[in-house]
Amino acid sequence: MSNCTIIANFISWNLLAENIENHLPIEMKIHLSSVESNLKTSIEDKMIPSIKWIKNSLIVVEACMDKTWEVLNSGHWQFVPIEYRYCYTLCTILKAVLLELQHNNDTKQFTKNTILLRNIIQQIDKGILLGAPLPNVTDLLPKVASTLNSCITESLGELDVEELIIDSESLYNFVLPGFTEIVQYVEPSMELFYTKIFMPKVPAIMKGCIKHWKALEQWKDLKYLISVAGSRTVPIEIGSRYTDENWSQQLLSFSEFLQKYVLTKGDQVGYLAQHQLFEQIPELKDDFTIPEYCNFTDNDDVEQPDINAWFGPSGTVSPLHFDPKNNLLCQIFGHKRVILYHPNDSSNLYPYDTRLLNNTAQVDPLNPNYEKWPNFSKAKGLMTYLRPGEILYIPPKWWHHVTSLTPSFSISFWWS
């Protein structure tokens with residue numbers, strides 16, 4: 001049996017049992033430990049369980065998933081008990097193994113079943129997005145999804161997947177009235193970055209620092225992105241900015257997102273924003289490196305930065321807001337306009353007084369209402385255009401407003 005199961009071969013069943021025993025709510029542990037134990041025995045004995053047992057086990061696992069889903073959606077995300085996110089991850093793993101066993105007596109036939117593979121990958125992606133990495137097997141779901149995804153040849157028939165051509169000739173390059181241009185450096189040394197930029201906490205454009213990244217050329221080729229990520233499910237923000245009343249989120253396949261929002265101009269804007277895409281699809285990490293500037297810290301701890309993807313059409317807007325960490329915003333392709341304000345201007349920017357939006361300003365710096373926000377006239381803004389291959393350093397607590405002027409892909413590195 002071990003030769004005809006792909007997913008089961010990735011799993012350390014003893015570690016999985018430890019997670020069920022130590023990290024699950026008691027009401028889930030009772031049901032899932034029995035399923036896991038029987039699967040482990042079957043795998044070790046190289047015996048495929050009966051179809052009836054597999055169907056009954058799927059019912060049990062899906063019931064646990066439904067109950068966990070209710071808990072995950074019952075309140076604010078940050079207050080969801082971590083054991084329920086672990087539970088969703090474990091349910092996802094068990095369901096994926098059961099689905100493979102249900103349809104699989106031959107690996108070759110299994111890998112040819114594109115519909116089933118996509119169904120399982122979609123389920124695993126939901127586990128990655130909604131669950132939490134298990135303490136002792138943190139990369140299990142991304143590895144399984146990547147392996148299954150490599151078995152799929154994505155259909156490119158309906159997609160215009162020529163290299164993404166971006167018209168930059170017509171873009172405005174002048175500094176808007178009332179703003180000061182951000183200082184620029186070409187390949188600044190580590191010492192210069194530390195003394196002139198990082199320590200004084202001054203925004204800066206840095207050119208030539210990521211010219212070695214393969215992503216700068218490869219990711220403009222949509223065939224490449226589809227081959228790596230086409231079947232993967234990603235969270236898409238619908239609406240040009242998250243402060244709009246009609247803003248929402250959807251889970252779509254990467255190919256659907258490309259077709260509907262990047263390659264097609266429509267009434268709605270779709271944005272793959274602030275998503276840890278490279279934890280979900282780790283093979284994309286091979287196309288870039290963490291800038292060495294992230295080694296400088298504001299405390300004694302050297303930590304790995306949080307890495308987020310930002311991919312969307314022209315017209316996406318990140319409203320004026322601040323983040324608590326250092327930020328290197330790296331532009332892969334496309335052009336963005338960025339406006340910044342010093343933390344000392346916070347009171348002039350009229351932050352929302354709600355807990356969820358207290359890092360977001362009510363003022364639109366491109367269309368200010370001085371009658372409603374009179375003190376905004378006192379604020380002193382900086383601005384820049386972020387072009388392919390450039391890095392923008394945004395210090396902690398600095399307010400920034402970001403507009404995509406063309407289809408655009410950026411990577412941000414946040415660290416303390």
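Analyst: Start with Tyr350. Leaving aside neighbours within four places in sequence, Tyr350 is in contact with Thr360, Ala361, Gln362, Val363, Trp373, Pro374, Asn375 and Phe376. This is a predicted model.

User: What makes those residues contacts of Tyr350?

Analyst: Contact means heavy atoms within 4.5 Å. Thr360 and Trp373 are among the residues that meet this for Tyr350.

User: What makes β10 an enclosed strand?

Analyst: Six of the six residues of β10 are buried, so the rest of the structure largely encloses this strand. Lys336, Val338 and Leu340 point one way, Arg337, Ile339 and Tyr341 the other, and all are buried.

User: How do you know which strands β10 pairs with?

Analyst: Two strands pair if there are at least two bridges between them. β10 (residues 336–341) and β13 (residues 399–404) have six bridges, in the antiparallel sense. β10 and β11 are also joined by six bridges and run antiparallel. Both pairs therefore pass the cut-off of at least two bridges. On the β13 side, Tyr341 stands opposite Trp399, and Lys336 stands opposite Ser404. On the β11 side, the bridge partner of Tyr341 is Gly381.

User: Is β13 covered on one face or on both?

Analyst: Both. Trp399, His401 and Thr403 are buried on one side, and His400, Val402 and Ser404 are buried on the other. Six of the six residues of β13 are buried, so β13 too is largely enclosed by the rest of the structure.

User: What joins β8 to β13?

Analyst: Three bridges, with the strands running antiparallel. At least two are needed, so β8 and β13 count as a pair. His321 has His400 in β13 as its bridge partner.

User: Why are β1 and β8 called edge strands?

Analyst: The sheet is open and has five strands, in the order β1-β11-β10-β13-β8, with mixed pairing. β1 (179–181) and β8 (317–321) each pair on one side only, and these are the edge strands. From one strand to the next, the twist averages 25°.

User: What is the order of the nine-strand sheet, and which strands are its edges?

Analyst: This open sheet runs β2-β3-β12-β9-β14-β7-β6-β4-β5, with mixed pairing. β2 and β5 (248–253) pair on one side only, so they are the edges. The average twist from one strand to the next is 25°.

User: How do you know that β6 and β7 pair?

Analyst: Two bridges join β6 (residues 270–275) to β7 (residues 306–312), and they run antiparallel. The rule asks for at least two, so the pair qualifies. The bridge partner of His275 in β7 is Ala309.

User: Which strands does α6 lie across, and at what angle to β4?

Analyst: Helix α6 (residues 114–130) lies across β4 (233–238), β5 and β6. The angle of α6 to β4 is about 65°.

User: Why do the buried residues of α8 line one face?

Analyst: The buried residues of α8 (residues 190–198) are Phe193, Ile197 and Phe198. Seen down the axis, they fall within an arc of 70°, so they line one face of the helix. The face turned away from that side carries the exposed residues Glu191 and Lys196. Exposed means over 50% relative accessible area. The cover over the buried residues includes β2 (184–186), β3 (204–207), β9 (326–333), β12 (390–394) and β14 (408–415).

User: What describes the crossing of α2 and α3?

Analyst: The axes of α2 (residues 26–44) and α3 (residues 51–72) come within 10 Å and cross at roughly 145°. The crossing is left-handed. Met28, His31 and Leu32 are among the α2 residues that meet α3, where the partners include Trp53, Ser57 and Val60.

User: Where does the JmjC label come from?

Analyst: From UniProt, in an unreviewed entry that places the domain at residues 279–416. That span is 1% helix and 37% strand, and its end C-alpha atoms lie 20 Å apart.

Technical notes. Residues are numbered from 1 along each chain as its sequence is written. This is a predicted model: local features need pLDDT of at least 70, side-chain atom pairs count only at pLDDT 80 or more; totals for chains, interfaces and linings use all residues. Side-chain values use heavy atoms; hydrogens and water are left out. UniProt positions are given in the numbering used here, feature names are shortened, and annotations may be inferred rather than shown by experiment. Helices (H or I, at least four residues) and strands (E, at least two) are DSSP runs, numbered from the N terminus. Axes are lines fitted to C-alpha atoms, for helices over the stretch in contact, and angles run from 0 to 180 degrees between N-to-C directions. Buried means under 20% relative accessible area, exposed over 50%, partly exposed in between (1.4 Å probe, protein chains only). The arc is that of the directions from the helix axis to the C-beta atoms. A crossing is left-handed if the near helix is turned anticlockwise from the far one by less than a right angle, and right-handed if clockwise.
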